[in-house]
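Open the model in your viewer and keep the selection panel at hand. The stops below tell you what to select next.

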Amino acid sequence: MLKKTWGYGLSALMAFASVACGNAPPTEEVSQETGAVNGGPDFLWWNPVTGQLRTWQLSGSTVKGALVLDAGCGSGCNNEWYPFATDELFKYKIWWFDRFGAGDVAHWEVSSTGHVSYGPPLSWTCAPPDCSAVWKPIGTVHLTPVPCSPGLCAQTGGILWHNMSTNQTAMWLLDIDSKTVTSGPVFSTTCGPTEGCVPGVTTYPRLTADFNGDGNSDILWWNEQTGTLTVWLLWNTNGSVLGTQTLSWTVLGGTGWSIVGAADADGDGHVDLLWRHMPDGLMSNWLLDGKGNVLANPSLSRAFDSSSPWTPVGYVKF
């Protein structure tokens with residue numbers, strides 16, 4: 001079997017074909033709870049005990065219903081795999097990483113009725129012990145390719161990674177088949193004190209989303225020591241940062257709040273940021289204006305049951 005290694009700092013990302021979790025048959029105990037509810041993006045939850053996935057179907061800040069997907073990733077699967085990203089631009093896919101197994105990355109494609117179709121694993125893997133011990137998948141990216149002629153640009157999709165040892169950030173850029181990794185550029189910018197990357201503190205990007213509305217994905221950082229939230233504004237696939245955006249509100253770490261998703265929650269065309277508070281389970285959106293200003297923070301009509309094993313995955317729109 002052909003094997004090739006790409007070196008990233010102190011670790012490597014290794015490419016070879018293998019079998020993914022997504023090829024397992026769906027579980028039979030899950031079923032649809034309600035019909036699809038029209039509205040904004042929904043929120044996806046994963047139960048690592050049973051392997052089930054379900055959505056809260058939202059209309060603005062109101063939880064209108066729930067939908068259980070017709071496939072789960074449980075039993076032995078949960079010992080290795082976890083969902084790390086959702087992305088409607090990738091044709092409504094849930095992305096999984098086999099951190100403790102072969103290091104595969106694969107996706108599930110989900111229909112509006114909650115039906116799951118399994119995609120193939122990517123052509124690259126991030127296997128233990130050298131890669132997955134330090135590299136963490138953060139989310140998906142959609143960027144303008146380089147070089148690119150005016151009027152002929154089509155976005156390239158990929159997976160964003162962060163090295164928690166070296167603080168490097170890198171991308172796996174994908175071909176049109178959403179399977180073949182064509183390159184793995186490393187960002188020229190490295191996180192620093194502003195983003196919370198200081199000696200003795202483990203910091204990583206929280207998620208990816210288009211915060212400034214230019215059509216390209218951006219990267220959100222949260223410095224829990226200062227409470228500052230910083231966005232790296234991206235613009236193409238060469239691994240460069242166009243600029244930064246600082247959100248107008250701050251949240252200190254240790255207050256019980258955590259970032260769980262980003263999407264246009266109120267339908268105004270700008271990405272908003274969803275927070276969860278523990279242990280009371282309150283969930284609240286920061287409504288953003290695309291320029292870093294927080295305009296309001298309405299709470300969802302339903303709180304999260306903090307005694308349950310369900311964990312947040314991110315916003316979806318099936």
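Which residue does a disulfide join to Cys126? Select Cys126 and Cys131: a disulfide links the two, with an S to S distance of 1.9 Å. This is a predicted model, so the sulfur positions count as a disulfide by the rule that the pair lies within 2.5 Å.

Stay on this pair and display the torsion about its S-S bond. For Cys126 and Cys131 the value is about -100°, which means the disulfide is left-handed.

Next, select Cys191 and Cys197. Here too a disulfide joins the residues, S to S 1.9 Å. The torsion about the S-S bond of Cys191 and Cys197 is about -95°, so this disulfide is left-handed.

Are these two cysteines buried or exposed? Cys191 has 7% relative accessibility and therefore counts as buried. Cys197 has 9%, so Cys197 is buried too. The cut-off for buried is under 20%.

How many disulfides does the rule give? The count comes to two.

Last stop: colour the chain by pLDDT. The protein chain has a mean of 85, and 84% of its residues reach 70 or more. Then select residues 1-38. Over this stretch pLDDT stays under 50. The model still has 101 contacts beyond four places in sequence for residues 1-38. Take care when inspecting them: where pLDDT is low, predicted coordinates should not be read in detail.

Key:
Residues are numbered from 1 along each chain as its sequence is written. This is a predicted model: local features need pLDDT of at least 70, side-chain atom pairs count only at pLDDT 80 or more; totals for chains, interfaces and linings use all residues. Side-chain values use heavy atoms; hydrogens and water are left out. pLDDT is the predictor's confidence in each residue, from 0 to 100. Contact means heavy atoms within 4.5 Å. Buried means under 20% relative accessible area, exposed over 50%, partly exposed in between (1.4 Å probe, protein chains only).
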